[in-house]
Amino acid sequence: MDKLNKFINWDFQTHLRIGALIRFLLVIYSSYHDRHFDVPYTDVDYKVFIDAAKHVYDGNSPYKRHTYRYSPLIAYILLPATLISRCAGKKLFCIFDILIAIALKKLVERQLRHKNNASTIATYCALFWIYNPMSIAISSRGNADSVPCLFVILSILFLQTDIVTGLIKYVLSGFFLGISIHLRLYPLALSFPMYLSLGDYKINRSTPILAGLASLMPNKKQIILTLTCVVTLSLLTWAMYAMYGYEFLFETYIYHLFRKDTKHNFSVLFYYSYLTMDHLSFDVVKTILQIFEAIILFVISLAFGTKAETLPFALFCQLVILVTYNSVMTSQYFIWFLSLLPLVVHSFKMKPAKAFLLFILWLSAQGAWLFYAYLLEFKSREVFIFIWLKSVVFFCSNIFILAQLIKSYTPDYGFGQINEKSDVKND
């Protein structure tokens, strides 16, 4: 235990170097693994990214690569992989991963600046990302989700800290939020609670109607955040549309609204989508699920998004619900909410043993699904019904874990206030 404490309390820069080294070693290992094992280490989408980048380099559309359904910006980011080495893209994603850790530490540190041990708490929170096996694997396998995750964190960073003062901070926050939505649609769900957090709501049963309506009117901060986000997203969308036409709109946005994925899908709707793939013009079940999802997202926004101090938890809960209820759910989606976990992990008043059990529950439910998915895809076993049952178990485990986190959420808990003697050096 003493050795563990000593390791945790190393200088933050040292942790960053170790985290980067682990990721880069896995990038190197991935080439060996892919040559010698049936299940490849490299993400299936990485080859798609590389091929799309080659098309861009040749002056063509990235959508000439079948199944490329991302913003052209990702293909442009991957250009070094066509010019330097095939692994350059993975290394670039790992760099984004490390930048997320730096941004997380800065954000938590400034959110808790009123505490004497804010640096220690912030460092411990960042370690949840640096040494998170999921974040390490996702970036080193060549998945691009570390890119939009970084822009989401930067948006929250400028929104909730005084790194930049004045109204320009809301311009920058909206700018980064707009970029993240362009890259991935999911940050759109975060915009409502971020908007609400800038308001001043004092409504109760005795509030006059006119006064209540007046308090709901957008203020200058909310208008600037919204306009900047909309303008940024619109300009990026217009620029990509001007270059690649309707194909860009369909592959990047429209396709994902109606997507049905019967492989690599943890969703509780996995088996249902498989059975009805070619039979339904209007999916009633999926629509009902999305209505329930929208209601839950709205309630969470009102419960935790109206106050700046509880906004990070609102955003975390939003993404857990968004991923859990989605009709398509893959491992890379978990990064969406795991990247926000370091912002709130210090606020859970929970015994370590219970936290460990919840972690084991989440891993076990996921592992059970992966086992049957392996039997289906690589052993050609007819195990669809078992995969669906594991999807139901995984869905229930996600909801149960989120409920436990909501019950234990205690703003300003700060890991129970870490002993200042264990404070680490500032970076």
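## A loop residue to start with

Threonine 67 sits in the loop between α3 and α4 (72-77); helices here are DSSP runs of H or I with at least four residues, strands are runs of E with at least two, and both are numbered from the N terminus. Before going on, note that this is a predicted model: local features need pLDDT of at least 70, side-chain atom pairs count only at pLDDT 80 or more, and totals for chains, interfaces and linings use all residues. Residues are numbered from 1 along each chain as its sequence is written, and side-chain values use heavy atoms, with hydrogens and water left out.

Most residues other than glycine have a negative phi. Threonine 67 isn't a glycine, yet its phi is positive, at about 75 degrees. With a relative accessible area of 32%, threonine 67 counts as partly exposed (buried is under 20%, exposed is over 50%, partly exposed is in between, using a 1.4 Å probe and protein chains only).

## The chain as a whole

The protein chain has 22 helices and zero strands. A compact globule with 427 residues would have a radius of gyration near 22 Å, and this chain agrees, at 22 Å; that radius is taken over C-alpha atoms, and the globule rule is 2.2 Å times the number of residues to the power 0.38. Along the principal axes, the C-alpha atoms fill a box of roughly 60 × 60 × 45 Å.

Of the 427 residues, 51% are buried. Take the contacts (heavy atoms within 4.5 Å) with a separation of 6 or more: 74% of them come from residues 24 or more positions apart. The chain exposes about 20900 Å², with carbon and sulfur atoms supplying 66% of that; areas come from the Shrake-Rupley method with a 1.4 Å probe, and for residues only the protein chains shown count as cover.

## What the record says

In an unreviewed entry, UniProt lists "transmembrane region" for residues 120-138, 150-168, 223-244, 287-306, 313-335, 355-376 and 383-406. UniProt positions follow the numbering used here, feature names are shortened, and annotations may be inferred rather than shown by experiment.

How do two of those stretches look in the model? Residues 355-376 are 100% helix and 0% strand, with the end C-alpha atoms 32 Å apart. Residues 313-335 come out at 65% helix and 0% strand, and there the end C-alpha atoms are 16 Å apart.

Phe192, Val284, Ile288, Ile291, Phe292, Ile295, Phe298, Val299 and Leu302 make a nonpolar surface patch of about 820 Å². Patch residues have over 30% relative accessible area and no salt bridge; like charges are joined within 9 Å, and nonpolar side chains (Val, Leu, Ile, Met, Phe, Trp, Tyr) within 5 Å.

Helix α16 (residues 284-304) gives the patch its largest share, eight residues. Valine 299 is found in that helix, and at 47% relative accessibility it counts as partly exposed.

## Salt bridges

Side chains of opposite charge can pair when their charged atoms come close. The whole structure has eight salt bridges, each a side-chain nitrogen of Lys or Arg within 4 Å of a carboxyl oxygen of Asp or Glu. One of them pairs aspartate 43 with arginine 141 at 3.9 Å, N to O. That pair links distant parts of the chain, 98 residues apart: aspartate 43 is in the loop between α2 (12-36) and α3 (44-57), and arginine 141 is in the loop between α8 (133-140) and α9 (146-160). Aspartate 43 is buried at 8% relative accessibility, while arginine 141 is partly exposed at 23%.

Lysine 47 and aspartate 51 meet at 3.1 Å, N to O. They are four residues apart in helix α3, so about one helical turn separates them. Lysine 47 is partly exposed at 43%; aspartate 51 is buried at 15%. Aspartate 145 and arginine 184 also form a salt bridge, at 3.1 Å, N to O. They lie 39 residues apart, with aspartate 145 in the loop between α8 and α9 and arginine 184 in the loop between α10 (168-183) and α11 (188-196). Both aspartate 145 and arginine 184 are buried. Shared partners also join Lys47, Asp51 and Arg65 into one salt-bridge network.

Threonine 410 is in the loop between α21 (384-408) and α22 (414-417), and at 28% relative accessibility it is partly exposed. Which residues does threonine 410 contact, leaving aside neighbours within four places in sequence? Those are Ser347 and Lys349. Its C-alpha atom is 47 Å from that of lysine 379, 31 residues away along the chain.

Aspartate 412 is placed in the loop between α21 and α22. It has a positive phi of about 70 degrees, although it is not a glycine. Aspartate 412 is partly exposed, with a relative accessible area of 43%.
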